[in-house]
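This report is meant for a reader who is meeting the structure for the first time.

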Amino acid sequence: MEGVSENEEENPGGFVAVNDNDDDGDDVADRLDTQVTGGDDDLVQVTLSVTPSGLPGSDQVRVTWTGQEKVDVFKTNSKWSGGASSEIALGKTYAVSALPKQLNVEGDGASDALRDVEIKLELLHQGTVCHSDLIKVTVVEVTITSPRAGDHVTFSAASPGVCTISGSATASPGTYDPDILWTADPTAGSTLAYQDDRYGTTVTITYTALPQSNAQFGPKTVEASVAGASDQREVKVFFPKWGTNNPGGSQPNWYYYWSQTAASYGSHSYDGSLGGTGATVWDGQAWVARMGPAAPNYTSAGTWNNAQGIDLFAWMCRHEVKHSQDLNGQQWWPSCPGQRNLQTDSDSDWMRDSEEANIGQGYLVEASPTYPDQWNCGAGYSDTEHFCLSTQAQWTPYVVNTDDYEWSDTGKEHGEPY
Ligand SMILES: [Ca+2]
Ligand SMILES: [Ca+2]
Ligand SMILES: [Ca+2]
Ligand SMILES: [Ca+2]
């Protein structure tokens, strides 16, 4: 048997894992699958051979096993061959001339005790057993009861932040409980630790310190394994949205991490002193886009189609960045705010009167706004707002389970609107 030397065949014997994962990804547990496309590495190979060679051609070998509810035996490790199941019937015989032959043993149910399945190969000479070889097998299963698939876990808002995953699992046969080994995916930039003890039926897995990269949040796999058997659960790891314990320092976590995603746009910075969602301000040298504390929230005004959370942030980036580009690039107010005055902006629309006609949108120097407010901007709507809203980059709302990069708690992937 694969991985078992001749002198270990009866003790400790071989190990086969219960095949209840899904290697071919067809949503059928492989144990119940008639065909595992591409082969299944959970099946354990057993090689049938006899020595010496040169035995009479009429000699046969016969394969039998105990524990039929615990193991099945197949010719191929895909459980399928020539358009049909490759399962082998108990007591199958082979001519010695056909050896060596490889069989594949699948675990179908866990052992009740160590070595309680016996696979026997008998050499038959003129129908009588003249030699036999035995290998004892333990069918092992490990089952994770915590975490559950898809569980959400969030770093604390403390500095450094700590994310804790509580694991528990059982092994069959139960003898293996203390030997269950826990493994969790690493998180680059965080310290992964298994508190106290990495072995046994329970574990506390911790990640300490929030990562630099937003891509380090999201799905993480936790695995429990013992004696060749394993079980996995995928959890989702989130950052505390309102915390500031990211590696960048003082910015809120939502700003730090969302700025790394497709929701961000252009060049902007965070200003916690702003009253609202964002603004374009003169920093002494240029017009710059600033995001405010309300950018990750919700606005019931219609301008942004009731965008919430990361969608509102995405609209704010696109809007304020466009304002900054207009005000800088269009040369409306080349060294503002000093030169903006009512003589050069008679309609107070933040568009220099001498430029209004050159923009090509038919803006009038005597009107702000020139056109109706189709965005429900309300107070402050002007020709400058009209130009920005007409020409800025658009945003398609974030789609949960498709876009997969909004890992704030609270937030969309976490299950809240924002
Ligand atoms: Ca499998
Ligand atoms: Ca399958
Ligand atoms: Ca004007
Ligand atoms: Ca105007």
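Predicted model: local features only at pLDDT ≥ 70, side-chain atom pairs only at ≥ 80, totals over all residues.

One of the pairs is Ser269 with Arg290, the latter lying in E20. The two strands belong to an open sheet of 3 strands, ordered E18-E20-E19, with mixed pairing. E18 (268-270) and E19 are at the edges; each has a single partner strand, so one side of each has no neighbour in the sheet. From one strand to the next, the twist averages 35°.

The other pairing in this part of the model is antiparallel: E19 (residues 278-282) is joined to E20 (residues 287-291) by 5 bridges. Here Val281 has Val288 in E20 as its bridge partner. E19 and E20 make a hairpin with 4 residues between them, and Gly284 in the turn has a positive phi of about 105°. Helix H2 lies across E18, E19 and E20, and runs at about 170° to E20.

## A second open sheet

Another open sheet has 3 strands in the order E2-E8-E4, and its pairing is antiparallel. Which strands stand at its edges? They are E2 (44-48) and E4 (71-74); each has a single partner strand, so one side of each is left without a neighbour in the sheet. Neighbouring strands are turned by 30° against each other on average, with direction ignored.

Within this sheet, E4 pairs with E8 (residues 101-107) over 4 bridges in the antiparallel sense. Val73 is placed opposite Val105 in E8. In a regular strand, side chains alternate between the two faces of the sheet.

Nonpolar side chains tend to be buried together in soluble globular proteins. In this model the largest nonpolar core has 81 residues, and Val105, Val140 and Phe313 have the most contacts inside it. Helix H2 (residues 310-329) supplies the largest share of this core, with 9 residues.

Ile119 and Val63 are 56 residues apart in sequence, yet their C-alpha atoms are 7.3 Å apart in space. Leaving aside neighbours within four places in sequence, Ile119 is in contact with Val46, Trp65, Ile135 and Val137.

## Backbone details in the loops

Asp196 is in the loop between strands E14 (191-195) and E15 (202-208), while Asn401 is in the loop between H4 and E21. Asp196 counts as exposed because it has 9 C-beta neighbours inside 10 Å. Asn401 is exposed as well, with 7 other C-beta atoms within 10 Å.

Cis peptide bonds also occur. The bond from Ser368 to Pro369 is cis, with omega near 0°, and Pro369 lies in the loop between helix H3 (353-356) and helix H4 (383-391). A further cis peptide bond joins Asp409 and Thr410, with omega about 10°. Thr410 is in the segment after strand E21 (408-409).

## The whole chain

The protein has 4 helices and 21 strands. It is divided into domain 1 (6-140), domain 2 (147-240) and domain 3 (257-391). The centres of domain 1 and domain 3, taken over C-alpha atoms, are separated by 72 Å.

How does the radius of gyration of the protein stand against that of a compact globule of 418 residues? The protein has 34 Å, whereas such a globule would have a value near 22 Å. Along the principal axes, the C-alpha atoms fill a box of roughly 115 × 50 × 30 Å. Of the 418 residues, 38% are buried. Among contacts between residues at least 6 apart in sequence, 60% join residues at least 24 apart.

Notes
Residues numbered from 1 in each chain as written. Chains lettered and ligands numbered in written order. Domains from an automatic or database assignment. Pairing = 2+ DSSP bridges. Axes fitted to C-alpha atoms, helices over the stretch in contact; angles between N-to-C directions. Core = buried A, V, L, I, M, F, W, Y, C linked by C-beta atoms within 7 Å. Buried ≥ 20, exposed ≤ 12 C-beta atoms within 10 Å, placed from the backbone. Rg over C-alpha atoms; globule rule 2.2 N^0.38 Å. Contact = placed C-beta atoms within 7 Å.
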